[in-house]
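Please study the sequence and the structure before reading the solutions.

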Amino acid sequence: MPEEKIISFEQPVLRGTLQVPGDKSISHRAVMLGSIAKGKTSITGFLDGEDCLSTISMFQQLGVSITREGTAVQVDSPGIAGWKTPAEKLDAGNSGTTARLMLGILAGSSVTSTMCGDQYLTKRPMKRVTAPLALMGAAITNEAQKDYLPLTVQGSKLQAIDYQMPVASAQVKSAVLLAGLQAEGETTVTETDVSRDHTERMLRQFGAKLSQDGKTIRIKGRQQLTGTDVVVPGDISSAAFFMVAAAMTADSDVSFEKVGLNPTRTGILDVLEAMGVQMELSDEQGFDGERYGTVRIRHSKLKATEIGGELIPRLIDELPVLALLATQAEGRTVIKDAQELRVKETDRIEAVAAELRKLGANIETTPDGMIISGPTQLHGATLASYGDHRLGMMAAVSGLITDGPVHIDDPSCIAISYPQFFEDLESLVNV
């Protein structure tokens, strides 16, 4: 992909039907649990983006047989007890999900390995995961700065803990549960707010027994998982960019087929509804606890809203593009309780505000969010992606409503979660 991408359409209208790539969170977990399990796992709808390919590569280094043909993946594993110590460092690339969940998985394994990442991932804090794992007896070290990659994990015998989550984070919760799967005793995790629950759902699908009471999840250790078949629905976080595009672009009407409708991930739909977006849900189906269906979005007159509280864990990845949408809404949109954005691929609060201001947006930052006033006519500009796929896609979508072209610096990061993003954008505009 070129070092710069130019988005320039004259009076664009988005129409048609789109099936977005497979859910990134579910794709990661399908490979992880398929590799922990003994036997064969068949995955369909897998996201062949760079983050998920990093997960596959890591398990191949650990001795798991994984073959891939497009969106179909076959995993044949001896089980976690049969893994081998890798000859080289395990590279998580840009994937925070891979790094943090793998820390939990490797902590209770029988191998010793060092995990590294790219220039962006090595700046993201790991203490939120290593701290509870240390309470379980994990041996995780770094000669330089122990809270950042690279980290060396020496597989150890773990003990169950009762962990009170300080923040709502599916990555931390998942790391502790996956470590608890291998620990002695029953591990308990209690959340502050309910975060995405793909790990819990998929653990059950692979045969694990765990219980849940409100915000508390319990899992017994020393359980053996068994390979199974996993179907991955479309990623609602990827669909969100085109949902916002359709909502704010005149005369647009787009339907999203087989998109994931897990209730811990549909905060984006709640916000769109609150902002007055015309929306229809149909053909809802489910399998093994994961639901999917068709979502139709039409251009609408937008009104400001407040986004905070328990909504935040359900739409944390969609907040950058929702900030863009807020620039086209009547009134003052407040995003709060989103301090988690500051430790994503970049500080997304400051980065989103900086890039939207280049377009002429009226936006101010707060310690835990943003305040956006609208509606505002946006202008063309050159926007930075910061190597962050969500910011890259936000920049691309902004080009649909600016009065001049938008130049995106380093668009290649978008392939992390949505390799055919630009092709899908052009197909909808040119229908």
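A salt bridge is a side-chain nitrogen of Lys or Arg within 4 Å of a carboxyl oxygen of Asp or Glu. The model is predicted, so that local features need pLDDT of at least 70 and side-chain atom pairs count only at pLDDT 80 or more, while totals for chains, interfaces and linings use all residues. Residues are numbered from 1 along each chain as its sequence is written, and side-chain values use heavy atoms, with hydrogens and water left out.

**Exercise 1.** Determine which parts of the chain are linked by the salt bridge of K336 and E306, and state whether K336 is buried or exposed, or in between.

Solution. Step 1: the side chains of K336 and E306 meet at 3.1 Å, N to O. Step 2: K336 lies in the loop between β19 (331-335) and α10, whereas E306 belongs to strand β18 (residues 306-307). The two residues are 30 residues apart, and the pair links distant parts of the chain. Helices (H or I, at least four residues) and strands (E, at least two) are DSSP runs, numbered from the N terminus. Step 3: buried means under 20% relative accessible area, exposed over 50%, and partly exposed in between (1.4 Å probe, protein chains only). With a relative accessible area of 31%, K336 is partly exposed; E306, with 49%, is partly exposed.

**Exercise 2.** Classify D197 and R201 as buried or exposed, and describe the salt bridge of D347 and R342.

Solution. Step 1: D197 and R201 form a salt bridge of 2.9 Å, N to O. Step 2: D197 is buried, and so is R201. Step 3: the side chains of D347 and R342 meet at 2.8 Å, N to O. D347 is partly exposed at 24% relative accessible area, and R342 is partly exposed at 26%.

**Exercise 3.** State how many salt bridges the structure holds, and name the residues linked in a network.

Solution. Step 1: the structure holds 23 salt bridges. Step 2: R196, D317, R348, D388 and R390 are linked in a network of such bridges.

**Exercise 4.** Describe how helices α10 and α11 pack.

Solution. Step 1: α10 (residues 348-358) and α11 (residues 389-398) pack at an angle of about 20°, with their axes 11 Å apart. Axes are lines fitted to C-alpha atoms, for helices over the stretch in contact, and angles run from 0 to 180 degrees between N-to-C directions. Step 2: α10 and α11 are therefore roughly parallel to each other (angles under 35 degrees count as roughly parallel). Step 3: the contact (heavy atoms within 4.5 Å) includes R348 of α10 and R390 of α11.

Conventions. Angles under 35 degrees count as roughly parallel, over 145 as roughly antiparallel, 65 to 115 as roughly perpendicular and the rest as oblique.
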